[in-house]
Amino acid sequence: MRVFVESVGLIGPGLPGWQIARPILAGIQPYAYSALNPPRVDILPAAERRRTGLPVKLAIAVGQDALAQTGRGADQLPTVFSASGGDGEVIHEICETLAGSERLVSPTRFHNSVHNAPAGYWSIATRSQAKSTSLCCRDWSFAAGLMEAAAEVATGSEAALLLCYDACYPEPLHRLRPVTEAFAAAMLLTRVRTADAASELSIESIAGQHVDSPMSDAELEALRKGNPAARALPLFAAISTGKPATVFLDYLGDGHLRIDLRAC
Amino acid sequence: MPGANPVRAFGRKTSHRPDPNQLQPLVFRSLATASSLGTGLDATAAALIGRRSGLAPCDFDTARIDSWIGRIADEALAPVRQDLTRFDCRNNRIAQLALRQDGFEHAVEDARARHGARRIGVFLGTSTSGILQTELAYRRRDPATGALPDDLLYATTHNNYSLADFVRTYFALGGPSVVVSTACSSSAKVFGNAARAIAAGLCDAAIVGGTDSLCLTTLYGFGSLQLLASGPCRPFDAGRDGISIGEGAGFVLLEPAGRADANRTALLGLGESSDAYHMSSPHPDGAGARLAMSAALRSAGRSPGDIDYINLHGTGTRTNDPAEAKAVHDLFGDDTACSSTKGWTGHTLGACGALEAIICEIAIRRGFMPGSVNTRTLDPAIRVRYLIDNAQEPPHTVMSNAFGFGGTNCSLVIGPAAA
């Protein structure tokens with residue numbers, strides 16, 4: 001599949017948006033860790049904002065970050081949301097409540113427990129009635145989301161916005177599902193080269209070997225391994241340099257994606 | 001379908017110019033299902049034709065819920081295959097029960113021999129996957145540390161991807177795979193993922209479908225929203241008071257239609273939209289639902305008058321049914337027969353899209369339109385041709401709707417591969 005990247009968005013510890021992250025990923029400035037503050041999501045109505053957890057805030061903020069680089073609006077834009085898990089705080093609270101004797105589940109927590117809660121809040125915030133999907137592919141959720149968003153633009157839509165995000169789980173779930181840091185990555189893909197296009201991607205799924213491009217910086221490499229959405233980092237680093245590159249992404253445990261990138 | 005239809009303009013606008021988004025028909029090469037109606041297509045058809053509902057008062061686990069459920073008997077749920085025990089949970093047991101029906105395994109093996117394991121995709125929907133495993137494990141936390149027991153295998157049971165991972169591993173497939181989890185539209189939307197993957201050349205065939213299983217999260221969660229019916233759910237009834245939660249699985253092996261497939265039932269069109277309105281209530285005018293149905297017709301190259309029967313989402317809540325009816329009436333007028341089959345199966349959440357696509361295939365093949373069990377007195381405010389009794393009219397082309405929390409909508413058009 002061949003698609004164009006019109007813009008990207010990124011939110012992680014020490015990486016509060018693409019403009020700041022870009023020179024860091026390009027190796028021009030050093031990476032310095034700093035704990036991620038929950039992003040502001042002013043586009044969400046106040047009543048909804050109060051009810052949302054970190055995954056929703058990450059998804060909305062990273063989508064806005066990607067759209068801020070381009071003139072494109074969100075209202076007609078198909079979206080592909082992808083995350084390895086839902087809102088861990090909500091899952092923990094519900095499971096804890098259900099293990100007790102009263103079992104008074106909060107209705108707001110329950111509707112926030114659905115995997116597509118970020119997509120629902122995004123559509124409310126942007127008033128977008130465009131088609132949208134919410135995927136899960138465990139540790140391969142970024143690769144699977146990229147495949148889906150690329151297929152979306154390759155087979156019909158002019159553009160699609162990919163939003164990948166995962167937040168940490170509280171204990172006791174954290175031990176079973178150790179996401180180390182919250183992270184979110186977004187890509188605005190288009191079918192044809194637009195005036196804003198940053199790079200062109202050629203994506204191929206290859207069987208057999210387990211190949212994964214690492215980050216050269218040790219801290220960024222730990223971040224990449226610690227959150228499924230941060231598997232986007234090597235591809236984003238390649239985009240940040242503006243040079244041709246080939247990036248490998250582990251996919252489904254029995255293959256990988258080979259992504260050949262050319263700057264536009 | 002004959003008769004006046006006030007919204008013909010839609011069809012005129014698009015029928016002479018092929019839409020670039022028009023779908024290539026994908027035949028239902030094989031189907032498999034399990035639900036409270038029984039296992040397999042014959043048992044499902046017999047329950048539909050014999051008007052036997054699968055609903056019964058809630059007796060699941062330790063739930064103290066004053067509601068009815070559509071449950072699969074525990075005795076029917078064998079542990080998962082011995083080499084796959086890491087996937088063992090109620091959700092994957094239900095999936096396995098369905099996969100073993102109606103020659104589905106043989107059909108997948110045949111497709112694998114023809115296309116190769118790497119060329120068959122697996123795109124499945126679920127809303128809660130194996131969360132029941134985690135719910136049960138929370139009762140067994142270490143009293144000193146709070147730790148969960150070591151036998152809880154989060155990745156291969158609770159995680160949403162567990163279902164697709166299980167099915168892909170069950171058949172030793174190597175193609176693209178993902179789980180869609182968009183609440184109650186999940187396993188309708190996966191038909192779209194498969195269509196896109198096949199159109200983009202990523203695979204030549206795909207297993208689509210979904211599975212959801214009873215758990216306390218949904219029983220108590222829907223209870224907290226006061227959306228559970230006190231008795232068996234009664235879609236479109238004047239006295240309807242909510243949903244009955246069900247469990248089940250439906251799988252379809254999809255392939256592009258070949259020359260010999262003209263009469264075989266196929267996916268002809270698919271439309272998706274978002275409400276952009278509210279997390280747990282539908283848009284009152286059904287605006288998002290109407291967009292999804294219009295997009296499905298467009299991608300099938302059909303007009304409203306071409307649809308003989310609509311299998312509605314029809315959950316039986318006070319607000320969902322009139323919103324969907326408004327959207328159907330706006331687009332189809334008074335004449336198109338429609339019904340919800342959730343009085344039979346209950347609301348199987350992330351599995352209902354696939355299960356109801358299979359019910360549509362049964363209706364086309366057996367030449368009848370299902371009505372609505374448990375519904376006694378139609379809500380007089382709802383102006384659509386809603387069937388209570390089964391109709392002995394063979395439907396040619398049908399639509400199936402699935403909508404979910406978060407305002408996610410999906411409509412499928414299903415009919416013979418060649419018109």
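This is a predicted model: local features need pLDDT of at least 70, side-chain atom pairs count only at pLDDT 80 or more; totals for chains, interfaces and linings use all residues.
Visitor: Why is B:Ala205 called buried?

Guide: B:Ala205 has 25 C-beta neighbours inside 10 Å.

Visitor: Where does B:Ala205 sit, and what does B:Ala205 touch?

Guide: It's found in strand E7 of chain B, residues 205-212. Setting aside residues up to four places away in sequence, B:Ala205 touches B:Ala111, B:His115, B:Arg119, B:Ile120, B:Leu253, B:Leu254 and B:Glu255. As for B:Val108, 97 residues apart from B:Ala205 along the chain, the two C-alpha atoms are separated by 9.5 Å.

Visitor: And B:Ala206, what makes that residue stand out in the largest nonpolar core?

Guide: That core has 236 residues, and B:Ala206 is one of those that touch the most other members, along with A:Val62 and A:Leu189. The element that gives the most to this core is helix H7 of chain A (residues 141-155), with 10 residues. Beyond its neighbours within four places in sequence, B:Ala206 has contacts that include B:Ile120, B:Val122, B:Phe123, B:Ala194 and B:Leu254. In soluble globular proteins, nonpolar side chains do tend to be buried together.

Visitor: How do you know that chain A is as compact as a globular protein of that length?

Guide: Set the value against the rule: the radius of gyration of chain A is 18 Å, and the globule rule gives 18 Å for 264 residues, so chain A is as compact as a globular protein of that length. Along the principal axes, its C-alpha atoms fill a box of roughly 60 × 40 × 35 Å. Buried residues account for 60% of the chain. Of the contacts in chain A between residues at least 6 apart in sequence, 72% join residues at least 24 apart.

Visitor: What is chain A built from?

Guide: Chain A has 10 helices and 9 strands.

Visitor: What makes E7(A) and E9(A) a pair of strands?

Guide: Pairing takes at least two bridges, and strand E7 (residues 199-207) and strand E9 (residues 255-263) of chain A have 9, in the antiparallel sense. One bridge puts A:Ser202 with A:Asp260. Strand E8 of chain A (residues 245-251) also pairs with E9(A) in the antiparallel sense, over 7 bridges, and there A:Leu249 stands opposite A:Leu257. The hairpin of E8(A) and E9(A) has 3 residues between the strands, and A:Leu252 takes a positive phi near 65° in it.

Visitor: Why are E3 and E8 of chain B called edge strands?

Guide: The open sheet runs in the order E3-E4-E8, with mixed pairing. Strand E3 (55-57) and strand E8 (245-246) each pair on one side only, which is what puts them at the edges. Strand E4 (residues 68-70) runs parallel to E8(B), with 2 bridges joining them, and B:Ile69 stands opposite B:Ile245.

Visitor: How do you know that a strand pairing crosses between the chains?

Guide: Strand E4 of chain A (residues 132-136) is joined to E6(B) by 2 bridges, running antiparallel. At least two are needed, so the two strands count as paired. A:Cys136 stands opposite B:Val179 there.

Visitor: How many residues does the contact take from each chain, and what classes are on the side of chain B?

Guide: It takes 53 residues from chain B and 52 residues from chain A. Elements of chain B that each supply at least two residues include helix H8 (186-199), strand E10 (265-274) and helix H10 (287-300). By class, the side of chain B has 24 nonpolar, 21 polar and 8 charged residues.

Technical notes. Residues are numbered from 1 along each chain as its sequence is written. Chains are lettered from A and ligands numbered from 1 in the order in which they are written. Helices (H or I, at least four residues) and strands (E, at least two) are DSSP runs, numbered from the N terminus. A residue is buried if 20 or more other C-beta atoms lie within 10 Å of its own, exposed if 12 or fewer, and partly exposed in between; C-beta atoms are placed from the backbone. Two residues are in contact if their C-beta atoms, placed from the backbone, lie within 7 Å. A nonpolar core is a set of buried Ala, Val, Leu, Ile, Met, Phe, Trp, Tyr and Cys residues joined through C-beta atoms within 7 Å. The radius of gyration is taken over C-alpha atoms; the globule rule is 2.2 Å times the number of residues to the power 0.38. Ala, Val, Leu, Ile, Met, Phe, Trp, Tyr, Cys and Pro count as nonpolar, Asp, Glu, Lys and Arg as charged, and the others, Gly among them, as polar.
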